[in-house]
Structures are given as C-alpha cells and as structure tokens.
Amino acid sequence: MAQRHGLVPETIATYLRLRGLEPSARGARRQRRVVDDDNAPFGAGRDPHGMGDVLKALTKDAGWDPQLAREDLVRQWDEVAGEETARHTRPVALTGGLLTVQCDSTAWAKQLQYMRGQIVTEILRRYPEAGVEDIRFVGPDVPSWKWGPRAVPGRGPRDTYG
C-alpha cells in the first residue's frame, strides 16, 4: 500500500489507520514546502562575505562599536581637529559625553573654545557612535596648591611666608 487515496503519504496513512482515523480530503492536501533562503544553495545571499563585513557584523553584535569609535577618534585626532591644532592639543578624557582636550597653552584653549561648534560637528559626522556631545578645552597641567589630600581651606601654605 504505497499511498492511500493517492494523496496521503504511506507513513501518515499508517499513523491514521493505527489511530482508527481515516485520512480526510482536507488533510490530504500537499503542504507547500518552505525553503529557507539563507540555506538554499545557489540562492541570493550565499556569496562569501569579505573579512571587513564579517568583522563589522561581529563588532556590532558584540556591542563594541561605541568603544571602537572612541578609540578611532583619539587615534585620528589630527584629521578631526586639523594638523596644526593637533600639534598643540590631545584628547585626555571622555566621560558622560564630554570630551576633555588638553592644550599646550591657555591661548590655544581659549581659541579652540571659539571653534568648539565646528569641532563637535566634525566629530559627530565622523564618529556618531562615540557618544561625544560636548567638548571642553583645558590649558596645560600645572601644579596647584588648591587640590589634593593635604589641601586646607583658606590661604594654605602661603600664609606662613613672611
């Protein structure tokens, strides 16, 4: 008995016979076979992917895009800020969307304050995943008596001179 009624496969007909049921005309209709396009041979999307595409998908799936964008921003600071500006500045911190850039002098810091809008726009255009919302330019790092574990309120150590 290859097929019962010519429409139902033998395995299904045997199952229905053992259960005491007769195959119905409704159940005898052939179901359309669904082919998964990703696994179909010679179908669309079956071409090998380039290494760059694979790595891009991997970094996106792993959630590394923001960190890699921040690293690229620091590495390519001279392209973002300009070659002359990059010689006198360097990014030192990025916390809470605020990029802190240290300058060689207070004059450079003040001049770059005026250019802040242009630089932030360029950063957002090149590295939108970095999360930079604003920029702060600071002058050179000089020692201060006002900060640290032994700082005291008031004039501090200067009041003992003379």
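Two strands are taken as paired if DSSP finds at least two bridges between them, and the views below apply this to a predicted model.

**Close-up 1. The antiparallel pair formed by strands β1 and β2.** Strand β1, which covers residues 89-95, and strand β2, which covers residues 98-103, run antiparallel and are joined by six bridges. Within this pairing, T95 stands opposite L98 of β2. The hairpin of β1 and β2 has two residues between the strands, and in this hairpin G96 takes a positive phi near 60°.

Close-up 2. The residues M51, V54, L55, L58, W64 and L68 together make a nonpolar surface patch of about 590 Å². One of the patch residues, M51, lies in helix α2, and M51 counts as exposed because its relative accessibility is 60%, where exposed means over 50%.

Close-up 3. With a relative accessible area of 10%, T85 is buried, since the term applies under 20% relative accessible area. When its neighbours within four places in sequence are left aside, T85 is in contact with W108 and L112. The view therefore pairs a buried residue, T85 at 10% relative accessible area, with its contacts to W108 and L112 beyond those sequence neighbours.

Notes
Residues are numbered from 1 along each chain as its sequence is written. This is a predicted model: local features need pLDDT of at least 70, side-chain atom pairs count only at pLDDT 80 or more; totals for chains, interfaces and linings use all residues. Side-chain values use heavy atoms; hydrogens and water are left out. Helices (H or I, at least four residues) and strands (E, at least two) are DSSP runs, numbered from the N terminus. Patches are made of residues with over 30% relative accessible area and no salt bridge: like charges are joined within 9 Å, nonpolar side chains (Val, Leu, Ile, Met, Phe, Trp, Tyr) within 5 Å. Accessible areas come from the Shrake-Rupley method with a 1.4 Å probe; for residues, only the protein chains shown count as cover. A salt bridge is a side-chain nitrogen of Lys or Arg within 4 Å of a carboxyl oxygen of Asp or Glu. Buried means under 20% relative accessible area, exposed over 50%, partly exposed in between (1.4 Å probe, protein chains only). Contact means heavy atoms within 4.5 Å.
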